[in-house]
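Here is a short briefing on one protein chain. Look over the structure first, then read the points below.

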Amino acid sequence: MKRLSFWAFLIAFPFVLLTNSLMAQSDMMILNSSMGLPGKKRPPVPFPHNLHVEKGLSCKDCHHLYEKGENVLDESNLTEGNKEIRCSFCHSSKSRLNLEQAYHGQCMGCHKKPLKEQRKAPPRYCGGCHVRK
């Protein structure tokens, strides 16, 4: 019996490691859309990544790569440390939507939707996300 458990562990362990590394994200991330934009006074936003996952959002609800109007993002690319999945990779000050516009469009658009299953409404105004210390 111990032998069987040992082999089962040996076979399952690499799959657990692979799954965790593919979907690993820091629980708390800092979103700073004011980088490179002069005159911005609001503080960066602490973003609880895991809370959003726990609320039932899928990866593609936030992360996207659009081609011909379709989100063709390969979720296996969503690994921590991959700079190409950062919002700032595509949303620079020279792009059609700069980083601030992208964050506000994505976050506020979702936060304003009525979510029936939520007990507590997400923040909807500036100070709810841009918390001053």
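Predicted model: local features only at pLDDT ≥ 70, side-chain atom pairs only at ≥ 80, totals over all residues.

Is Cys126 buried, partly exposed or exposed? Cys126 is partly exposed, with a relative accessible area of 44%.

**Overall fold**
- The protein chain holds six helices and four strands.
- Read from the N terminus, the order of elements is α-β-β-α-α-β-β-α-α-α.
- The chain has 133 residues, and 17% of them count as buried.
- Its accessible surface is about 10,800 Å². Carbon and sulfur atoms contribute 60% of that surface.
- Among contacts in the chain with a separation of 6 or more, 44% join residues 24 or more positions apart.

- In soluble globular proteins, nonpolar side chains tend to be buried together.
- The largest nonpolar core here consists of five residues: Leu31, Val45, Phe47, Leu99 and Tyr103.
- Two elements, β2 (45–48) and α5 (99–111), each supply at least two residues of this core.
- Leu31 touches Val45, Phe47 and Tyr103, and also Pro44, when residues up to four places away in sequence are not counted.

**Cysteines**
- Searching the whole structure turns up zero disulfides.
- Cys62 is in no disulfide. The nearest cysteine sulfur to that of Cys62 belongs to Cys110 and lies 6.6 Å away.
- Cys62 counts as partly exposed because its relative accessibility is 31%, which falls between the cut-offs of 20% for buried and 50% for exposed.
- For Cys126, the closest cysteine sulfur is in Cys129. The two sulfur atoms are 8.7 Å apart, so they are too far from each other for a bond. A disulfide would need the pair within 2.5 Å.

**His49**
- Where does His49 sit? His49 is found in helix α2, which covers residues 49–54.
- His49 counts as buried because its relative accessibility is 13%, and the cut-off for buried is under 20%.
- Met29 is 20 residues from His49 in sequence. In space, the two C-alpha atoms are 6.8 Å apart.

Definitions and conventions. Residues numbered from 1 in each chain as written. Heavy atoms only, no water. Core = buried A, V, L, I, M, F, W, Y, C linked by side-chain atoms within 4.5 Å. Buried < 20%, exposed > 50% of the residue type's maximum accessible area, 1.4 Å probe, protein only. Contact = heavy atoms within 4.5 Å. Areas by Shrake-Rupley, 256 points an atom, 1.4 Å probe, with all protein chains shown as cover.
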